[in-house]
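Here is a short briefing on one protein chain. Take a look at the sequence and the fold, then read on.

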Amino acid sequence: MNDQILDRAEGALFGSALGDTIGIYTEFMTADQAVEAYGSSPSFSLISPETKFHNDTHRCRFESRAWTDDTDHTILLVLSYLRLRELSPNDFAIRLHSWCTQGLRVLDRLPMGLGKTVGSVVFAPTYISDPARTALTYWDETGRNVAANGSLMRTTPVGVICIRQSEDETFAAAVKMGAVTHADPRCALSVAIVSALVRALCRRDISDVAQVRALIERAWAHVERAMPEHAALLDRAEFERHAYAERLDDLVLVDRTMGYVYKCLGAALWCLRQTLTRQETFRSAMTKLVMFGGDADTNGAVAGALMGALVGYEYLPQEWRDGMRHAEWYRGKIQALCIVAGLRAGTYDSGSDTDTELDGGKGVITEEEMKKREMNIMEKMLLAEKERREAAEAKVKTQTKPSLWKSLFSG
């Protein structure tokens with residue numbers, strides 16, 4: 001396997017984490033709020049001088065320069081693969097259930113950002129014994145209209161792992177791993193497209209927009225063959241409106257359905273097309289995307305995977321790549337994955353890598369310890385609220401001071 005393929009494989013997984021990390025700056029904001037917080041032409045940086053989070057009740061809970069749950073779940077899939085040397089839906093489900101209560105133990109990260117669909121499915125009594133059936137039952141019971149982006153945000157490793165396999169095998173693996181939590185055919189189609197695009201971009205099988213579209217059409221055909229009953233529910237016009245959107249504005253990324261899987265897919269495909277045709281760079285496309293706000297970290301994670309697979313690790317923005325928290329550890333795991341997947345030479349002993357154990361080799365957090373950590377987050381939120389209040393009061397005083405002097409000297 002040549003070095004360029006390895007560079008793009010690293011670029012896909014690292015680029016996804018970077019998109020997640022930059023996206024948290026504006027997650028759940030409107031475009032106007034994002035501009036108010038960071039300016040109309042922001043230049044985000046994870047290295048000194050680091051761009052600080054806008055101070056609000058959402059961002060104050062998160063570590064600076066760090067990814068969110070999107071990449072945590074991606075890492076769970078990577079660690080499962082490293083441990084078993086195969087993609088195992090059941091093992092991944094066990095790790096996901098553990099994450100929901102313990103967080104990512106290997107990096108001592110709390111379970112921040114749990115989505116409604118994932119939480120509802122994972123905490124169901126039958127989940128560990130039959131995750132896919134549990135997810136399907138949840139989808140049925142909620143009227144078959146829930147198509148959130150939680151499976152799409154973590155699908156990048158499937159594309160890398162399947163680089164030496166066929167496209168159809170990649171489609172099938174992505175759908176199988178996605179079904180652990182998301183049963184909707186729109187989710188299945190989306191993970192099939194993104195995983196296969198990651199694979200194809202790493203292999204340099206794609207060099208123009210027409211080839212991207214051809215792959216998308218093959219993914220559609222695969223889902224129709226693999227799950228005909230559910231695929232019959234797919235709305236072709238709705239899919240095309242998102243997948244082939246010409247502008248980010250057309251996707252309406254900020255509304256009550258901001259977590260809809262097609263919005264995330266459409267945003268990622270727009271970024272890929274813009275980068276592929278050299279109208280945008282990784283940095284400029286990502287910045288434009290996250291400044292729309294909405295579910296910016298998830299949109300950024302999926303877009304970062306596709307653009308990272310296109311440009312490779314070495315061409316990721318240095319001020320992001322070199323400043324992301326846990327970057328060295330994560331890159332080491334990506335390199336180990338590439339060894340296990342047969343993409344690079346070297347040896348890796350999964351049995352001796354305690355990072356791949358369910359508790360990350362660090363033991364289980366007690367209920368008392370978890371409560372203490374939650375209290376620390378509450379303290380951070382209260383401190384942030386105090387700082388916001390004091391800043392607002394200072395602003396009022398600054399604005400009223402000139403009018404006070406004017407009143408003293410008038411007449």
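The side chains of Arg331 and Glu10 meet in a salt bridge, with N and O 2.7 Å apart. A salt bridge here is a side-chain nitrogen of Lys or Arg within 4 Å of a carboxyl oxygen of Asp or Glu. Arg331 lies in helix 17 (residues 327-340) and Glu10 in helix 1 (residues 3-23), so the pair ties together parts that are 321 residues apart in sequence. Helices (H or I, at least four residues) and strands (E, at least two) are DSSP runs, numbered from the N terminus.

This is a predicted model: local features need pLDDT of at least 70, side-chain atom pairs count only at pLDDT 80 or more, and totals for chains, interfaces and linings use all residues. Residues are numbered from 1 along each chain as its sequence is written, and side-chain values use heavy atoms, leaving out hydrogens and water.

**The whole chain**

- The chain has 18 helices and 0 strands.
- Its C-alpha trace spans about 85 × 50 × 45 Å along the principal axes.
- For 411 residues, a compact globule would have a radius of gyration near 22 Å, and the chain agrees with 22 Å. That radius is taken over C-alpha atoms, and the globule rule is 2.2 Å times the number of residues to the power 0.38.
- Of the 411 residues, 55% are buried. Buried means under 20% relative accessible area, exposed means over 50%, and partly exposed lies in between (1.4 Å probe, protein chains only).
- Take the contacts (heavy atoms within 4.5 Å) with a separation of 6 or more: residues 24 or more positions apart account for 75% of them.

**Salt bridges**

- The structure holds 25 salt bridges.
- In the opening pair, Glu10 is buried at 6% relative accessible area. Arg331 is partly exposed at 25%.
- Glu50 pairs with Lys52, and their closest N and O atoms are 3.9 Å apart. Lys52 is exposed, at 60% relative accessibility.
- Arg236 and Glu217 form another salt bridge, at 2.8 Å from N to O. Arg236 sits in helix 12 (residues 236-243) and Glu217 in helix 10 (residues 209-226), so this pair ties together parts that are 19 residues apart in sequence.
- Arg236 is partly exposed at 28%, and Glu217 is partly exposed at 27%.

**Helix 10**

- Helix 10 has 18 residues and reaches 26 Å from its first C-alpha to its last, close to the 26 Å expected at 1.5 Å a residue. The expected span is 1.5 Å times one less than the number of residues.
- Which residues of helix 10 are buried? They are Val212, Leu215, Ile216, Ala219, Trp220, His222 and Val223.
- These residues cover an arc of only 160 degrees around the axis, which puts them on the same side of helix 10. The arc is that of the directions from the helix axis to the C-beta atoms.
- The face turned away from the buried side of helix 10 carries the exposed residues Ala210 and Arg225.
- The cover over the buried residues of helix 10 includes helix 8 (167-178), helix 9 (185-203) and helix 13 (261-276).

**Helix 3**

- Helix 3 (residues 69-84) has 16 residues and reaches 23 Å from its first C-alpha to its last, close to the expected 22 Å.
- Helix 3 is mostly covered, with 14 of its 16 residues buried.
- Arg85 follows helix 3, and its phi is positive, near 60 degrees.
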